[in-house]
Structures are given as C-alpha cells and as structure tokens.
Amino acid sequence: MAASGSKPISFYSKFYIGICWVVAACGGLMFGYDIGISGGVTAMDDFLIKFFPAVYEKKKRAKEDNYCKFDNQLVQLFTSSLYISALVSSFLASKVCSKYGRKRTIFCSSIFCLLGVGVTASAHHLPQLIVGRILLGVGVGFGNEAIPLYLSELAPISIRGGVNIMFQLFVTIGILIANLVNWGCSHVHPFGWRLALGVGGFPAVILFLGSFIIPETPTSLIEREKVEKGQKTLQKIRRTEDVDVEFQQIVNACEVAGQVEGSWSEVFSRQNHPPLIIGMLIQVFQQFTGINAIMFYAPVLFQTVGFGSNGALLSSVCTGCINVICTLIANFSVDKFGRRALLLESCIQMFITQTIIGGILYVHLTPTVGLNKHNGLAVVVLVLIFVAGFAWSWGPLGWLIPSETFPLEARTVGFAFAVSTNMLFTFVIAQSFLSMLCHMRSFIFFFFAAWVLIMGLFVLFFVPETKNIPI
Ligand SMILES: OC[C@H]1O[C@](O)(CO)[C@@H](O)[C@@H]1O
C-alpha cells in the first residue's frame, strides 16, 4: 500500500477523492440533518397542534411547570424511534455490506431515507410519522455502516485519517443546515414542518443517483472473490497499472480475515477485550456528555429557560455553527496534540460549563418563572462553550479511536459494535431527556457533569495514545 500510497496523487485519483467527498457529504448530511431536524420541528406550534395537541395545550398554559412543558413519551418517541431502528438495521447492514458490497448497501440506504422522508413529510397522523422515522432509521443504519467503510477503502492511504473525521464534519454540517431550515420554516404556516422534514430528501436523492456511478471498493470485490474485477477497479481508481503492492496487501488482508475463525468470535477473544471495552465505553461516554440533549432538544431547552420560539431556534443555529467550526479544528489538531490531550481538556471544559449551567438553573429557574434575559444569555453562551469542547474531541474521536484500536481481522465487526452502542445510547438520551429534565430539573446538568468526571478519569487511566502509531 505504501508504494502506491506514497506517490503523488494523480488528477484521476483526485476525481475519485472528489467522489469520496460527495458520498461522505451526503451520508453525513443525511444523518446530521435527521439529528438536527426533530427538535426544531417539535418546537413548532403547527406541528404540536397536529400530532401532540396535549403538549401544545400544556405549553400554552401560563402556569405550566417550566421544566415539564415538553415531557411526553410520544414526543420523545418521534425523535428516538429513528435510533432504535438504526441500531437494529446496522447489524443487518453489516451482513448486506459484506455479502453484496458497500455500493449496494449505500443504494439501500438512500432508498430507505427517501421513503422515510416521503412518509414523514406527508404524515397525517402520529403512527405514520413514527413509521417514517423508523424508515429513516433503517436508511441511517445502512448508511452509517457502509459509508465510513466505503470511504476508508476507496481513499488513497495518504488521506485516510482525514476522511474519517470528514464524515463527522458533514454530520455537524447536516445538523447546522437542519437548524437553519427549522428557523426558516418556523415562519411558514401551517406547513413549515412538512417543508423542514421534506428538505432531508435532497442528500438522499444525490446519494441515490450517485450510487449508480460510484465504483465498488476493491476490498469488497476481492472479499467477495471477484479478484480480477477488484484489481481492475484498483487500477482504474489509482489511474495506474502499478498497483501490485496495494493489491497484494488487500488480498492478504482478505485471506487473513477469511482464515480467522470468523470476525465475531475474534472480536470477543481475550486480546480484543481492551479495544472492545474502550470502543464501546467511549460511545456510552460520548452520549452521556449530554451532547444530544442539546443537539436534539436545544430549541426546546432554550424555550424551557424562557426564550420565545424564534429566539430558541436562532440560539440553536448558533450551537450548530460552533459545532461545525470546532469539528473542523479537531481535523487539524488531532494529530498535533494527540487524542488523550483533547479528550482530557474537553472533559474539564464540559465539566465546568455543565456545573455552572446547573447552578444558574438551580438558583434562577423556578417551575413558574423563566430566566431573565441576562441569565438566559449566560446559559446560551455556556452551552456554546460546552458544544465547542465536545466538537473538538469526543465527537470525532468517538469514531476515530475505535477505528484505530482493533486489529484488522476484528475491525469491521468491532466497529459495528461501537456504532450500535452509540445508536443505543443515542436512543436512550432521545427517549428520556425531556422526562429527566422534568423530574431532575437543574440536577440533570449535575448528572451529566458527574459522567464527564468519570469519563475524564477513564481516559486518564485507561485510554492509550494512538497518535502517530500505525494502525
Ligand atoms: O455533533 C454532534 C453529533 O455527533 C454525534 O456524537 C455523532 O458522532 C451525534 O450523536 C451527535 O448528535
């Protein structure tokens, strides 16, 4: 791999890098858009009146408890159903991915996303809305399994690491676009929410069309015994006949993967316990930073502390911007400062901001009186600092570290475990945050701060530095 990898990148290879970008962009945008859209739609009155009239009435009642305005299992199910279906489908997707290839899995992902967008945007009742979210979840599960694999297998070796973070970068851009669309659509009555849900179809359409022209990866072809076609594809995408070294490495890797007793048992073998435990715990911790309480429910949270609908959606746009900018910073800093330094620094940042937010809410937000302008603004600024800390560390590194720590023969299955653990705990937060906010009140932020403390200690004592260490 080194031989062809260390050559200067030809124009034709750059074309394929371009294709990687488009695929990564659409896959990441699709996932990020679905993360960002639900909270804003839930904050729109037209949407609440149609699907959750009881929540709308509760929100309107002046004397309603500030912390409990949105506490409703069905509202949470609207958000969370996507992740439980993504969790289940990512295991199915890993089978489709190895049996039928990455390209077909990406095609399936786009079809499910298109169906999901169609069903949600045209929904007339709650069951239809939930069915649409489940279909979107299947699309996301297929996409999240196939796209990172597709990217790392197609990209020239010299840019493989950057490609990994690029996926997360596009996830954050997708969240930001969703925040902006929510803000714009909240002024369109009474169908703004349909528009907001429908716009998610754009990246899915591009991915659908793209899946007809993108090449299958050489690794997937060789793995499925189409060795000659794999070699030809490799020559085509590297634009040179001289791919022997890289080709042989892929063949060897596939042989080794075929020889071991099966990746599933390999993942559970004793020597893989440390990466498996670290990979899965990092996902649990990533979600228990409380990031998705912000990403899913920022508009709702900002309304809870006293902002109007418009101010709340605008503040979410600001969190979305910071999320993108700081993920970009991670792209440049991860190989400079190392993984451990970024993870530890951000734990301190997130711990301090969450404790202060909890303190402000504890002192100033009573069940019946919202925050004054001054304190409301302070909460927004603290949320922004919190999001920055997450975005330049736990966000991208949550995916990078598991992809670096498994040996090759256990990597795809090990990574599938990491992805599904992430989906599981994303589901847990999506399904429980609004109820936790209602019952724990300001203590919810102390709860997340305690988790941040635990994960900081975990990194300090157990996570190895993988900077500059070959995979
Ligand atoms: O940027 C924040 C987003 O990134 C993720 O952690 C995925 O890596 C999501 O769970 C979260 O919504």
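**Exercise 1.** Which helix gives the most to the nonpolar patch?

*Solution.* Keep in mind that this is a predicted model. Start with the members of the patch: Ile348, Phe351, Ile352, Ile356, Leu453, Leu457, Leu460, Phe461 and Phe462. Of the contributors, helix 22 gives the most, with five residues.

**Exercise 2.** Is Leu460 buried, partly exposed or exposed?

*Solution.* First find Leu460 in helix 22. Then take its relative accessible area, which is 40%. Buried would mean under 20%, and exposed would mean over 50%. Leu460, at 40%, is therefore partly exposed.

**Exercise 3.** Now go inside the protein. How many cavities of 30 Å³ or more are found, and what is the volume of the largest?

*Solution.* Searching the whole structure gives six cavities of 30 Å³ or more. The largest cavity has a volume of about 200 Å³.

**Exercise 4.** Describe the lining of the largest cavity.

*Solution.* Begin at the centre: of the 19 lining residues, Ile35, Gln168, Gln286, Gln287 and Asn292 are the closest to it. Move on to the elements that give two or more residues to this lining: helix 2 (11-42), helix 8 (160-185), helix 15 (273-288), helix 16 (291-304), helix 20 (394-405) and helix 21 (408-440). Helix 8 provides the largest share, four residues. Finally, sort the lining by residue type: 10 residues are nonpolar, nine are polar and none are charged.

Key:
Residues numbered from 1 in each chain as written. Predicted model: local features only at pLDDT ≥ 70, side-chain atom pairs only at ≥ 80, totals over all residues. Heavy atoms only, no water. 1 Å grid on protein atoms, 1.4 Å probe; cavity = no way out; pocket = protein on both sides within 12 Å on 5 of 7 lines; lining within 4 Å. Points joined across faces, edges and corners; volume = space filled by probe spheres on them. Nonpolar A, V, L, I, M, F, W, Y, C, P; charged D, E, K, R; others polar. Patch = residues over 30% accessible without salt bridge, like charges linked within 9 Å, V, L, I, M, F, W, Y side chains within 5 Å. Areas by Shrake-Rupley, 256 points an atom, 1.4 Å probe, with all protein chains shown as cover. Salt bridge = Lys/Arg side-chain N within 4 Å of Asp/Glu carboxyl O. Buried < 20%, exposed > 50% of the residue type's maximum accessible area, 1.4 Å probe, protein only.
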